[in-house]
Amino acid sequence: MAATLAHDQAVGRLRESYERIPQGDPVRLAKRSSNLFRPRTELDRPGLDVSKLTGVISVDPAARTADVQGMCTYEDLVAATLPYGLTPMVVPQLKTITLGGAVTGLGIESSSFRAGLPHESVLELDILTGAGDLVTARPDGEHTDLFRMFPNSYGTLGYATRLRIELDKISPYVALRHVRLGLDELAPAIDQIVASSTYDGEPVHFVDGVVFSPAEAYLTFGRNSDAATRTSDYTGQQIFYRSIQQRQQDFLTAHDYLWRWDTDWFWCSAAFGAQQPVVRRLWPRRWRRSDVFHKIVGFENRHGWMAGLNRRRGQPDRERVVQDVEIPVERLEDFLRWFDAEVGMRPVWLCPLRLRGSAAWPLYPLSPGETYVNVGFWGTVPIAPGASDGDVNRRIEAAVTEFGGHKSLYSDAYYDRDTFDRLYNVAALAEVKKRYDPDARLTGLYEKAVTRR
């Protein structure tokens, strides 16, 4: 009861902050942190007050559902559900991703081969629209159009204040197997797992992978387990992604499994020296987190100290290449070989994905019944003489389309307007936006994703 009352008060604060935004001014969140990798134009106007919409309202272990505020992080959500042996159907890899952000954007993890994407576990959600109305959207009923269009809309239709989601069972431990495979063996193995949820006769509840080079690729199979002989700890001196090459089997607590990638931001902590043994011992454990590393990147983006230092050293400027793309499983090997030859970033992350339902979602048109593999690559590449910043990303965008894939919009995008509108079904978005944001108070999808407004 108290949590419900606090939620109602938080929504009241949100609506009051909406009313304070001058008529005609753009409506945006007054939010200090973000997991987006595209910088945005700063505004000196008031924004929506979501500061009290950060908690879990309730967990129903019998129904296996939770009511969650839109700005609740997965770290806090998991902390509320794990005591019941439950977890969100899909838990994105980074602790400070919010539930609302994953639903209106994109989230994926090693359960996605069977559980799909975060928005597929949403039963209903309350949304503050661009018109300032608070509506409850469900799969059927008056606001079905908003329910279907909300995923991947990135705040162009409104902001979720409450979401009711399905929960999944999880055991106290997760047993891991790291299996080395050739690039030509990845797709058949993934097809087998999707079809049977088994590999070599053992159950598979989670699967992702890492390609260290075209000659060295692994799939990691996770299995729920009620017992473990000894569990590993990758929040200290040991580093999870390196263990994939070093051992065939491993055990983690459920908590540590869900956050195995967060401590070192996959492998990106190496850019800050955090994987060097001496630095790692001195770097406080509480600061070995993805959000800390993200803040360091944000500071560099604003001030450019390292970029200036590298120029003084005679080194070329570097282009940020931070992307997650979905590639049809039958084209995976071809894409990986193209990417290594043309871009050369190593390693890359793999995560099989299949929609749970039988209907496509309008703004991220993956085909139901088809298996995709998320390929994630995060870092920088030198800008070649005569090239422009963004050229590598543009080549990747063209290649993803050529391979029949699709690209998430949480980072830099360089599409021209016509291509973007076609790939992301903006015409359908515009029709729904007329109903819920008739005065265009919320920034458009192209303007957010490409022009960085």
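Analyst: Strand β10 (residues 206-213) pairs with β14 in the antiparallel sense over three bridges. Strands pair here if DSSP finds at least two bridges between them. Helices (H or I, at least four residues) and strands (E, at least two) are DSSP runs, numbered from the N terminus. Gly-209 has Leu-350 in β14 as its bridge partner.

Some ground rules. This is a predicted model: local features need pLDDT of at least 70, side-chain atom pairs count only at pLDDT 80 or more, and totals for chains, interfaces and linings use all residues. Residues are numbered from 1 along each chain as its sequence is written, and side-chain values use heavy atoms, with hydrogens and water left out.

Back to β14. It also pairs with strand β15 (residues 372-382), antiparallel, through five bridges. There, Pro-352 is bridged to Val-373 in β15. Six of the six residues of β14 (residues 348-353) are buried, so the strand is largely enclosed by the rest of the structure. Buried means under 20% relative accessible area, exposed over 50%, and partly exposed in between (1.4 Å probe, protein chains only). Both faces are covered. Val-348, Leu-350 and Pro-352 are buried on one side; Trp-349, Cys-351 and Leu-353 are buried on the other.

Pro-347 lies in the loop between α12 and β14.

The axes of α12 and helix α6 (residues 183-196) come within 8 Å and cross at roughly 145°. Axes are lines fitted to C-alpha atoms, for helices over the stretch in contact, and angles run from 0 to 180 degrees between N-to-C directions. Leu-183, Asp-184, Leu-186 and Ile-190 in α6 meet Leu-332, Glu-333, Leu-336 and Arg-337 in α12. Contact means heavy atoms within 4.5 Å.

Now the packing. Trp-349 of β14 is among the residues that touch the most other members of the largest nonpolar core, which has 82 residues. A nonpolar core is a set of buried Ala, Val, Leu, Ile, Met, Phe, Trp, Tyr and Cys residues joined through side-chain atoms within 4.5 Å. At least three residues of this core come from each of domain 1 (1-170 + 430-450) and domain 2 (316-414). A second, separate core of 37 residues includes Leu-183, Tyr-199, Val-375 and Phe-377.

Trp-261 links several of these parts. Its contacts, leaving aside neighbours within four places in sequence, include Trp-349, Trp-267, Asp-208 and Val-210. Gln-93, Glu-109 and Phe-240 are also among them.

At domain level, the bounds come from an automatic or database domain assignment. The centres of domain 1 and domain 2 are 25 Å apart, taken over C-alpha atoms. Across the boundary, 31 residues of domain 1 are in contact with 26 residues of domain 2.

Asn-152 has a positive phi of about 70° although it is not a glycine. Asn-152 sits in the loop between α5 (144-149) and β6 (158-169) and is buried, at 1% relative accessible area. Arg-64 also has a positive phi, about 55°, and is not a glycine. Arg-64 lies in the loop between β1 and β2 and counts as partly exposed at 30% relative accessibility.
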